[in-house]
Amino acid sequence: MYRGPEQAFNNLDFHGKGYILDEDIYKSPIMQRVKFGKAEIVLAFHMLNLFNNVSMVSALKDGVPHNGMSFDKFREIFFP
């Protein structure tokens with residue numbers, strides 16, 4: 001669907017914040033192609049520890065909210 005991680009991330013980072021939130025992925029067009037419901041995706045992300053995996057203090061240091069994901073982490077997870 002996307003040629004690379006930069007295009008995918010840019011399409012999810014609607015406001016140019018430099019990070020994406022879990023809700024950005026849930027509302028994305030790619031979720032329309034997945035044959036699972038939102039509850040199942042939320043559970044999978046929780047089990048894989050993709051979001052909410054840092055404390056509030058360390059989240060503030062990086063400038064990424066605790067329910068967010070930076071570009072580097074996004075690229076590492078979805079474009080290995």
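A nonpolar core is a set of buried nonpolar-type residues, Ala, Val, Leu, Ile, Met, Phe, Trp, Tyr and Cys, joined through side-chain atoms within 4.5 Å. In this predicted model, the largest such core has 14 residues. Ile 20, Ile 25, Phe 45, Phe 51, Met 69 and Phe 74 touch the most other members. Helices α1, α2 (22-26), α4 and α6 each give two or more residues to this core. The largest share, three residues, comes from α1.

Take Ile 20 as a way in. Neighbours within four places in sequence are left aside here. Ile 20 then contacts Phe 9, Leu 12 and Asp 13, along with Ile 25 and Phe 51.

The largest pocket holds about 280 Å³. Its lining counts 14 residues. Ile 25, Ile 30, Phe 45, Phe 74 and Phe 78 lie nearest the pocket centre. Elements α1 (5-12), α3 (30-33), α4 (38-47) and α6 (71-78) each give two or more residues to the lining.

Lys 38 belongs to helix α4. Is Lys 38 buried, exposed or partly exposed? Its relative accessible area is 45%, so Lys 38 is partly exposed; that class lies between under 20% for buried and over 50% for exposed. Lys 38 touches Glu 23 and Tyr 26, not counting residues up to four places away in sequence. Tyr 26 is 12 residues from Lys 38 along the chain, yet their C-alpha atoms are separated by 6.8 Å.

Methods:
Residues are numbered from 1 along each chain as its sequence is written. This is a predicted model: local features need pLDDT of at least 70, side-chain atom pairs count only at pLDDT 80 or more; totals for chains, interfaces and linings use all residues. Side-chain values use heavy atoms; hydrogens and water are left out. On a 1 Å grid over the protein atoms alone, a cavity is a set of points where a 1.4 Å probe fits but cannot get out, and a pocket is an open set with protein on both sides within 12 Å along at least five of seven lines; lining residues have an atom within 4 Å of a point. Grid points are joined across faces, edges and corners, and a volume is the space filled by probe spheres set on the points. Helices (H or I, at least four residues) and strands (E, at least two) are DSSP runs, numbered from the N terminus. Buried means under 20% relative accessible area, exposed over 50%, partly exposed in between (1.4 Å probe, protein chains only). Contact means heavy atoms within 4.5 Å.
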